[in-house]
Amino acid sequence: MVERIALGSSDIQISPLGIGTWQWGDNMFWGYEKSGYNAQDVQAAFTTSVQAGINFFDTAEVYGLGRSETLLGQFVRQAGQPLVVATKFMPFPWRLGKGRMHHALRHSLKRLGLDKVDLYQIHWPLPPRPIEYWVEAVAELAQVGLTRAVGVSNYSADQMRRAHGVLAKRGLALASNQVKFNLLNRAPERSGLLQACRELNITLIAYSPLAQGLLSGKYNPQNPPQDFRNRSYAQLLGKIQPLIALLKDIGQAHGGKTPPQVALNWVICKGAVPIPGAKNARQAQDNVGALGWRLTEGELAALDAASDKL
């Protein structure tokens, strides 16, 4: 049985690893239904995750232009058991009034087939509205019962503290801050964000915990990913091979754990909740293998050192 941990200071209990669903329904970036995976594949990923004890799923209104929410909602209803669903509001510059957030959440709920969401997050701290404006808006949604908890995403430590203060004045807690965090991007650790999350009892949700597949061990300069990642990561693939080799060596010391499992366990050991994607049952099963064990202090130090060189 996978353990459960609290989402911030809320009463919501989540698995220490969740599933991010950006890939579900997104054909612009991930090639959904174009590059070898479809609804049946992602449903298999969902089912495998739930059967293994994962109960936390993160989506957003912009993923696949709403298709991710629709697919996740279908799967959740078919599962017939309590699961924790998180989605997000994108404060586009043309969305100026609080009513736009209310409208967006009701559309998300319709796609999800839910009467409330467990965690509603502000996707980015975008102008022209100050972050306090949208935090006030999401607080109103929490107070009328449309979301059980409030989160933010891509907020700096200072922005997160400001959001936390706005909510505290209303007697509400900031449950989470979802940011990019992995062995190739340790900005949350180095900027003080991770420490601020610990101080304020805010869960740091780590998206792209496998650096969009770069830490999977399946790519190298001779075998790059054949999608939008190809050009972005071409030069990096050669530089990270020593780190990939270390992930493999550490995995062997833990009974044959894979590089992704070691990389995800590193995130967990840092005190964050990783939400890797899963396009199929095999990837979902690999994700689950990151749970139930922990890296040693020496292994964490070795991975940190290898990461520092990059």
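Trainee: Which helix gives the most to the lining of the second largest pocket?

Mentor: Start from how such a space is found. Rolling a probe the size of a water molecule over the atoms shows where empty space is left. In this predicted model, helix H7 is the top contributor to the lining of the second largest pocket, with 3 residues.

Trainee: How much space lies in the second largest pocket, and which residues are the closest to its centre?

Mentor: The volume comes to about 380 Å³. The lining holds 24 residues, and Ile 5, Pro 16, Ile 268, Ala 272 and Val 273 sit closest to the centre. Two or more lining residues come from each of strand S1 (5-6), helix H7 (193-200), strand S9 and helix H10 (259-269).

Trainee: And by class, what does the lining of the second largest pocket have?

Mentor: Count 15 nonpolar residues, 6 polar and 3 charged.

Trainee: Now the largest pocket: about how much space lies there?

Mentor: About 1100 Å³. It is lined by 49 residues, and those closest to the centre are Trp 22, Gln 23, Trp 30, Gln 212 and Gly 277. The elements giving two or more residues to this lining are strand S8 and helix H11 (281-288). H11 has the largest share, 4 residues.

Trainee: What is the class breakdown for the lining of the largest pocket?

Mentor: For the largest pocket you get 18 nonpolar, 22 polar and 9 charged residues.

Trainee: How many bridges join S7 to S8, and over how many do S8 and S9 pair?

Mentor: Strand S7 (residues 147-153) runs parallel to S8, with 4 bridges joining them. Within that pairing, Val 150 has Leu 174 of S8 as its bridge partner. To get from S7 to S8, the chain passes through helix H5 (residues 157-169), making a right-handed β-α-β crossover. S8 also pairs with S9 (residues 203-207), again in the parallel sense, over 5 bridges.

Trainee: Which residue of S9 does Gln 178 stand opposite?

Mentor: Look across to Ile 205 in S9: that is the one facing Gln 178.

Conventions: Residues numbered from 1 in each chain as written. Predicted model: local features only at pLDDT ≥ 70, side-chain atom pairs only at ≥ 80, totals over all residues. Heavy atoms only, no water. Pairing = 2+ DSSP bridges. Right-handed = clockwise from strand over helix to strand, strands pointing away. 1 Å grid on protein atoms, 1.4 Å probe; cavity = no way out; pocket = protein on both sides within 12 Å on 5 of 7 lines; lining within 4 Å. Points joined across faces, edges and corners; volume = space filled by probe spheres on them. Nonpolar A, V, L, I, M, F, W, Y, C, P; charged D, E, K, R; others polar.
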